[in-house]
Amino acid sequence: MSLIGRYSPYVEGNSFQRYIIICAAISVAIVLAVLLLFYYSPQSFEGVPIGSAFLFLLVCPLIGIFGLASAPDLSLRMLEHPEREHLRYIFLFIAAILFGVFGLLLLMSNSFKDKRLMRWLMTAVFILAFAEFSWEFRHHYLYPEAMKEWISQGKKVEDFARHYDSPTVVNIGILGRLIQFSLIIWLSIYFYKLRHINSWSPIVSVIFSLLGIITATMIYFIQFNFPKGLEFLMLFFIPGIPFFLLYWLGVALLTKSKKSRITEH
């Protein structure tokens with residue numbers, strides 16, 4: 001991520017197309033590497049839950065997002081290069097699709113064969129999490145177009161952010177984070193109970209997910225007026241963090257040794 005940051009389209013003079021080509025090349029290389037590993041060493045992944053590779057492949061859009069090396073530009077300058085913000089949310093849409101495929105494969109697997117109630121509950125949670133991701137990304141993807149329309153109506157640009165990201169929008173984001181982080185906690189504990197991952201993974205996932213839940217709860221009551229010294233919690237409200245934890249879970253699922261799985265079974 002740090003290496004491709006120098007090619008970020010947010011840096012004036014950098015080519016937007018070149019950044020896309022770099023991200024595409026990296027993603028293709030990662031996908032091919034995963035396919036080759038599964039093809040030439042299938043025994044290494046024996047017992048790995050189906051769909052785990054899709055969580056691991058979240059690294060591809062994450063590299064593109066964090067490689068931008070810049071926060072969203074919500075000022076009037078956004079209208080000079082709206083494609084930058086569009087690209088950010090295209091990456092997030094790709095991440096949401098990978099997450100959705102993982103959820104679909106998991107729910108179709110034999111994991112819930114004798115747990116019909118749990119299957120229905122998890123189906124509902126996955127749908128809610130995916131729906132909020134999709135709604136939120138579409139909302140922010142259209143930010144430049146909405147700002148342009150707002151200005152064309154003769155309204156002040158200073159009032160736009162408060163209008164577009166209204167309390168209702170923020171509350172939907174809060175609900176989404178509560179659902180998404182709770183789902184990550186559930187998945188981490190569930191896979192640990194099945195001995196599909198080692199203990200270090202749920203510990204990390206649960207700690208960071210709880211921070212995300214605390215952050216969302218604080219924003220509901222105090223908006224974004226974090227007490228001094230706790231401003232860092234805002235990091236856990238950005239939409240890419242749940243995907244980072246899901247990627248971490250994918251790494252844990254794919255890297256647990258075959259030896260330990262045989263021993264436990």
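Mentor: Helices α3 and α4 are roughly antiparallel to each other, a class that applies to angles over 145 degrees, whereas angles under 35 degrees count as roughly parallel, 65 to 115 as roughly perpendicular and the rest as oblique. Helix α3 covers residues 59-66 and helix α4 residues 82-108, and the two pack at an angle of about 160 degrees with their axes 9 Å apart. Before going further, note that this is a predicted model, in which local features need pLDDT of at least 70 and side-chain atom pairs count only at pLDDT 80 or more, while totals for chains, interfaces and linings use all residues. Residues are numbered from 1 along each chain as its sequence is written, and side-chain values use heavy atoms, with hydrogens and water left out.

Trainee: At what angle do α3 and α4 pack, and how are such axes and helices defined?

Mentor: The angle is about 160 degrees. Axes are lines fitted to C-alpha atoms, for helices over the stretch in contact, and angles run from 0 to 180 degrees between N-to-C directions. The helices themselves are DSSP runs (H or I, at least four residues), numbered from the N terminus.

Trainee: Which residues of α3 and α4 make the contact?

Mentor: Contact means heavy atoms within 4.5 Å. On the α3 side the contact is made by P61, G64 and I65, and on the α4 side by R88, F91, L92, I94, A95 and L98. By class, this contact of α3 with α4 has seven nonpolar, one polar and one charged residues, where Ala, Val, Leu, Ile, Met, Phe, Trp, Tyr, Cys and Pro count as nonpolar, Asp, Glu, Lys and Arg as charged, and the others, Gly among them, as polar.

Trainee: How does the pair α8 and α10 pack?

Mentor: Helices α8 and α10 pack at an angle of about 10 degrees, with their axes 10 Å apart, which makes α8 roughly parallel to α10. From α8 the contact draws on R177, Q180, F181, I184, L187, S188 and F191, and from α10 on I241, P242, L245, L246, L249 and L253. These residues divide into 10 nonpolar, two polar and one charged.

Trainee: And at what angle do α5 and α6 cross?

Mentor: The axes of α5 and helix α6 (residues 143-152) cross at roughly 45 degrees and come within 5 Å, which makes α5 oblique to α6. Here H139, H140 and Y141 in α5 meet Y143, P144 and E145 in α6, a contact with three nonpolar, two polar and one charged residues by class.

Trainee: How many residues has the largest nonpolar core?

Mentor: A nonpolar core is a set of buried Ala, Val, Leu, Ile, Met, Phe, Trp, Tyr and Cys residues joined through side-chain atoms within 4.5 Å. The largest one has 60 residues, and those with the most contacts inside it are L58, F99, F126, L187, F191, F243 and L246. Several helices each supply at least two of its residues, including α1 (16-40), α5 (116-141), α8 (167-193) and α9 (200-222), and the largest share, 11 residues, comes from α4. L58, leaving aside its neighbours within four places in sequence, is in contact with A95, L98, F243, L246 and Y247.

Trainee: Is E132 buried or exposed?

Mentor: Buried means under 20% relative accessible area, exposed over 50%, and partly exposed in between (1.4 Å probe, protein chains only). E132, found in helix α5, is buried, with a relative accessible area of 7%. Not counting residues up to four places away in sequence, E132 touches I172, G173, G176, R177 and Q180. S209 in helix α9 is also buried, at 0%, and with the corresponding neighbours set aside it touches F181, I184, I185 and L245.

Trainee: What is the phi of A69?

Mentor: Most residues other than glycine have a negative phi. Phi of A69, however, is near 55 degrees, a positive value; A69 lies in the loop between α3 and α4 and is exposed, with a relative accessible area of 56%. Q223 likewise has a positive phi, near 60 degrees, and is found in the loop between α9 and α10, where its 32% relative accessibility counts as partly exposed.
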